[in-house]
Amino acid sequence: MARTTALVLAAVSLLAMAGCRQTTVGNEASTENAASPAAAGSIDGTWKADIDSVQFDRKPDEYLLQAGQYSCKSCAPTYTVAADGAFHAVSLPYADSMSVKVDDDHNITRTAKKGGRQIGQTKMSVSADGNTLTGSFNDTSVENAPPSKGEYTETRLSPAPAGAHAVSGQWKTTKLANFNAEQLTFTFKTEGDIVHYSSPSGYSYDAKLDGPDVPIKGDIANTTASVKKSGDNSYQETDKRDGKVVGVATFTLGADGKLNVVSEDKLAGTTTKWTASKE
């Protein structure tokens with residue numbers, strides 16, 4: 001579920017929820033003979049995440065756009081940039097510069113670059129009554145792969161400070177919609193003690209059970225993954241960045257044939273649960 005799970009659920013994408021994306025999938029450790037049964041009956045195959053099954057356990061998203069400055073207070077790490085439409089330096093895993101353009105008093109456009117290349121854009125729109133925020137994102141961070149696109153809806157939890165833009169305040173994610181198939185689809189294949197992961201969204205890795213961290217191809221933040229077997233029909237992937245654990249995801253095959261996923265964002269302290277069905 002590397003980018004797929006990460007992308008679709010918890011982080012919704014590099015720019016979708018905050019400008020800081022997470023990866024998910026977990027580690028895998030196994031006994032000497034555990035890999036073969038797993039290959040035969042658990043996660044092997046092509047899966048598609050059910051976007052309607054996503055359940056969030058996370059702190060509210062919090063933004064502040066006031067006095068010409070935009071801040072994402074719920075991001076990990078947090079950041080602040082001038083909201084003048086120009087690009088300004090940021091220090092984020094998936095972006096080194098960002099622009100925030102105020103389109104009007106209810107709409108803004110946030111664009112991110114890394115290494116001079118645009119890697120994503122999110123448009124945020126607040127309803128006339130100020131209580132609903134709708135975001136639409138276009139993530140182009142993976143070169144030579146289809147863009148990841150989708151929408152999310154958030155409900156206001158706290159009012160915007162006096163004089164602040166309508167996007168300001170605390171928000172709770174209530175719905176994900178219109179994600180393209182590439183970012184919802186992923187394939188696991190186990191061969192002996194090797195787990196192969198790939199997604200049409202451009203991410204892949206080949207990890208040995210209980211083996212060392214391996215690069216996640218397509219991930220521009222140089223995230224690595226390791227995998228272990230955590231049960232008869234359960235695998236866990238652990239993602240690291242600069243040697244630090246940033247995400248853990250557990251994939252368990254249910255009696256109904258669905259893949260149950262629990263994804264933990266260790267930086268933000270959030271958990272996302274969802275299911276996937278075999279294609």
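Let me start with Thr173, which is buried at a relative accessible area of 8%. Buried here means under 20% relative accessible area, exposed means over 50%, and partly exposed is in between, with a 1.4 Å probe and protein chains only. This is a predicted model: local features need pLDDT of at least 70, side-chain atom pairs count only at pLDDT 80 or more, and totals for chains, interfaces and linings use all residues. Residues are numbered from 1 along each chain as its sequence is written, and side-chain values use heavy atoms, with hydrogens and water left out.

Thr173 belongs to strand E12, residues 169–177. Helices (H or I, at least four residues) and strands (E, at least two) are DSSP runs, numbered from the N terminus. What does the side chain of Thr173 make a polar contact with? The partner is the side chain of Glu154, at 2.9 Å. A polar contact is a pair of N or O atoms within 3.5 Å; within protein, one must be able to donate a hydrogen and the other to accept it, and residues adjacent in sequence count only if both atoms are side-chain atoms.

Next, the rings. Rings of Phe, Tyr and Trp (its six-membered ring) pair if their centres lie within 6.5 Å; planes under 30 degrees apart count as stacked, over 60 as edge-to-face and the rest as tilted. By that rule there are nine aromatic pairs. One of them is Phe186 with Phe188, edge-to-face, at 5.9 Å centre to centre and 85° between the planes. Phe186 is buried at 0% relative accessibility, and Phe188 is buried at 1%. Phe188 also pairs with Phe251: the centres are 5.4 Å apart and the planes are at 70°, so this pair is edge-to-face. That pair links distant parts of the chain, with Phe188 in strand E13 (residues 185–191) and Phe251 in strand E19 (residues 244–253), 63 residues apart. Phe251 is buried, as is Phe188. Ring pairs join Phe186, Phe188, Tyr197, Tyr205, Phe251 and Trp274 into a cluster.

Last, the cysteines. How many disulfides does a search of the whole structure find? The search finds one, taking a disulfide as a pair of cysteine sulfur atoms within 2.5 Å. Cys72 and Cys75 form it, with 2.1 Å from S to S. Their link is right-handed, with 80° about the S-S bond. Cys72 counts as buried because its relative accessibility is 0%, and Cys75 counts as buried at 6%.
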